[in-house]
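Subject: Structure for your review

Dear colleague,

Please find the structure below. My notes on it follow, and I would be grateful if you would read them alongside the model.

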Amino acid sequence: MDKTAELLPGTLDMLILKAVSLKPLHGYGVMQRIRQISGDAIEIPQGSLYPALYRLEHHDLIAAEWGQSENNRRAKYYTLTATGRRRLRDETAGWNRLATAIAAALNTTSEQV
Amino acid sequence: MFKRLRSLFRVLTRRRDFEEGMTEELRFHIEQYADELVRSGMSPEKAARHARLEFGSLDSVKGDCREERGLHLFDEFRRELSYAARLLRKTPGFTATALLTLAVCLGANLTIFAVIDSVLLRPLPFREPDRLMTIFNTYPKAGVERDGSSLTNYYERRGHISAFTSLAIYRYGTEIIGEAGLTDREQTMRVSPDFFSTLGLGPAIGRTFTEEETTSETDHVAILSDTFWRQRYNADPNVIGRLVRVNSVPRTVIGVLPPTFHFLSSDARVFLPLASRAEERTPLRRHSGGNVIQMIARLQPGATLAQAQSQIDAHNAMLEADDPQAKMIADAGFRSMVVPLHADHVAAIRPTLLLLQAGAFALLLIGAVNLVNLLLIRASSRVKELAVRQALGASRAYVVSEVVVETTLLTLVGGLLGLAIGAGGIRLLRVLGADHLPLGGRIAFDAQLASVALVAAIIMGIVLAVPIAWFNLRQHLGNALQSESRGGTSSRAAQILRHSFIVSQIALAFMLLAGAGLLGLSLQRAMAVSPGFQSDHVLTGQILLPWADYSEAARLTFVESLMDKMAYLPGVLSAGVVNNVPFSGISGKSAATVVGHALRPGESARGHYSYGVAGDYFRAMGFSLRAGRFLTADDSRRSQRVCVVDDDFARYYWPHASAVGQRLWDSSEAGRDAEAFTVVGVVGGAKQAGLTEEQAQGAIYYPYAFRIGDSVFVAVRTSLPPESLGLALQKVVRQIDSDIPVNDLRSMETRITDSLVARRSPALLAGLFSGIALLLTAIGTYGVLSYAVAHRRREIGLRMALGAQPGQIRSQFFYLSLRLLAGGTILGVIGAWLTGQAMQAVLFHVPALNLAILVGAAFVMGVVSLIACLLPSHRAAQISPMEALAEE
């Protein structure tokens, strides 16, 4: 039984923002972090990670800076910008509202109708 | 949005950094992943391969990343650009023709537009310049269309016309300025105190003139122009209070104007108060403006020109109520006209400039049509290539954008070349006299003009792309692909389009040709007009005698000793002096009253050219004597009140009697009997202001002693080439007074030639335009016919194999071009008629439709089109049936 969950459209950006909000990360680190914080449940398709990072940077939600990696290699580190922080807060709230509503809807039993 | 643009801009400007960074980042990712796989127990080689495979195609990820940054559009654009550039390089003949056509057409338009822009469009450099008006008096029934304003007008009007915030007067002049021995004659303006406030631009340093400084006792002040201040005072910031000598009288500098101050076309360097005596401001002098003093006014915000005009009319009517001359003034049709200052200043040149712009635009149209035709031909030779690419998935948007990129690249490069041609064209216009146009000094080639030209080039590129894109899109893929190497089926619509383009091109070129012909004929007719005297072998020059140094008596002595000395110069046949020589560019008329002449109803005292002459002026100028005698040196002494009138004058007042012995006063009213002048001779009438002067206004010549002014012209008839006498003349004048130069030394023939510059230069330009138009039309016709021949090679080969003679083939193409020529000419004649109608304002004695010009234009058009069709039809006749059919 596959334990990874299907990534919903639009949620990748939110997850990336969340990942880099904890600590500056390079692209590979973002992938690892998402896997880690989702309890290995979410595996990002590697091909779509970088276009998403470039898009977020283009929209000024994250900022990139070259730095030194753990194994002393040059790597591009992404951090959350102020705009990104605001966006993450809004999206988290929106997502929670949606998730609560959907959970409530799905948990409805016939007696409650 | 702004941030995104900035991010895009940053990436575009550092594109290499972006690409390298992206490659490095992705490589890092894959290697990290491989390391992780190795740690989990995979062999390094296997891990590397696995990591790469799992990541997917590097190129497609990179492509997605670029797309997220909005870079793909630029990449595509760059690809299309380099594709277009490659295509253009592959067809150098086409590209060179197209670029040259564009460069010439855009350059010609840019040149004329530069003039239109600086003369007609760019506002005057004052605050709210469209509120500035000029007001002048007109007496149309007395033959005086324009007479400036009088001092009286100014003092009576200011403060009384509520539609104006302020009102001012000015007069142009020249004064001798500087310390003794270092004097220069400088352009000056005398202005009323409110002149600068009316314009809304006053001195940058110091103050303007005050009301107290408007009398000749108190006017010892001056305001300097910026250039004068810089050149003479080294831009001294403490110049206020220093002295400047004007006509040897010291004046205090009270202000310096800003560098932006340019009043109309004036080059005035020193501004003085317009001082006057109280008696010059009385109602009696209301109508003695004499076109010397001009009036300007600023409209009140919210007030209209019509309001101002009706207030001026009402004010005039009120003043005329108790004017003893009221009837005469009314009979003369007197009115004071309010007109916008800028428009009035350029009114004379406006129709010519608009006409030239229309001509240049017609040229551009011809060029554009040519290009479209050439591009269409090119497009049809690429039908198959395009069809294949569309079949392979090129989208319609791609097909369109490819065409737009190609045509815009062409027009932009052509536009850049056109900038160079425009810069050269502006220089050419200077040679042709554009500097002397009103506001012509502003004509310049600047960045604003260049950007207008490049924007126009881009727009033209897009417009040119429309028919080509339409042609490309309407091709049916299947047809194009199936028709094999026969070059595609001849598209009927495309052919009609090409032919109608040629027809319109011929029509436009015909119009240009006919227009240039009309201008040329008009110039020729103007040149054929006799000036009324013998203009050959006469040298003339102006001498200005400052009032401060020369009393009336001293002037008389100066003129007499000048005449004495001139008589001894070698080569001088006769010499004379006059206040104002014909064609001097200065004009002024004054009234005269003929003894015994009762004014007819509706007639008023007329303005006539009035001159004072000394020496042997009439012989020097070669006037013909019709009756009586010339004025001689003896008449110059004040003893006798005699005068000579010209034919036109004599005919007007004494149509049935001899003029000799008649008497007149040199004023608008009858004077005392002793003051009347007796006519002693009649001379031939002469053109005064220009050869095309229509109204013979009549002239009166008095002995110089009765009309002493501060300016005289010397006229010398010589047996030598007139210009060779110039130095000798200057030397003679310097012998009398070493401070006095001779200005404006020109032979009479040169003056007449110069007076025609406003007709000659447009005619030359129109001729140049139509020459280019002919060449373009020839290229267009040749291109289209060549294409038709190449396109129908197989058909021609087949017909010849079946027995058609080369002559038949040749005449087939010959008839085609004749048909195109006939269509173009018919449209062209209609266009030429409309052009002629529009040109009436600038034509002299030439009707809108002149048969000789039409026939001439048709002939030239015919010769050019037939030459253009000779080569292609000859080539058609030379086609070998064997080769044409064997090709495949």
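Strand β1 of chain A and strand β3 (residues 74-80) of chain A pair in the antiparallel sense over 2 bridges; two strands are taken to pair if DSSP finds at least two bridges between them. Within this pairing, H26(A) has Y77(A) of β3(A) as its bridge partner. The open sheet of chain A is built from 3 strands in the order β1-β3-β2, with antiparallel pairing. Because β1 (25-26) and β2 (62-68) of chain A stand at the edges with a single partner strand each, one side of each is left without a neighbour in the sheet.

This is a predicted model, in which local features need pLDDT of at least 70 and side-chain atom pairs count only at pLDDT 80 or more, while totals for chains, interfaces and linings use all residues. Residues are numbered from 1 along each chain as its sequence is written, and chains are lettered from A and ligands numbered from 1 in the order in which they are written.

Chain A as a whole holds 4 helices and 3 strands, which follow the order α-β-α-α-β-β-α from the N terminus. Helices (H or I, at least four residues) and strands (E, at least two) are DSSP runs, numbered from the N terminus. Along the principal axes, the C-alpha atoms of chain A fill a box of roughly 60 × 35 × 20 Å. Of its 113 residues, 27% count as buried, that is, with 20 or more other C-beta atoms within 10 Å of their own, the C-beta atoms being placed from the backbone.

Where the chains meet, 19 residues of chain B are in contact with 16 residues of chain A; contact requires C-beta atoms, placed from the backbone, within 7 Å. On the chain B side, α1 (2-13), α2 (15-39), α3 (44-55) and α4 (58-68) each supply at least two residues. The largest share, 8 residues, comes from α2(B).

One residue of that helix deserves a note: Y33(B) lies in α2 of chain B. Y33(B) is buried, because 21 other C-beta atoms lie within 10 Å. Leaving aside neighbours within four places in sequence, Y33(B) is in contact with Y28(A) and A51(B). The C-alpha atoms of Y33(B) and R52(B), 19 residues apart along the chain, are separated by 8.9 Å.

With kind regards

Terms used: Buried ≥ 20, exposed ≤ 12 C-beta atoms within 10 Å, placed from the backbone. Contact = placed C-beta atoms within 7 Å.
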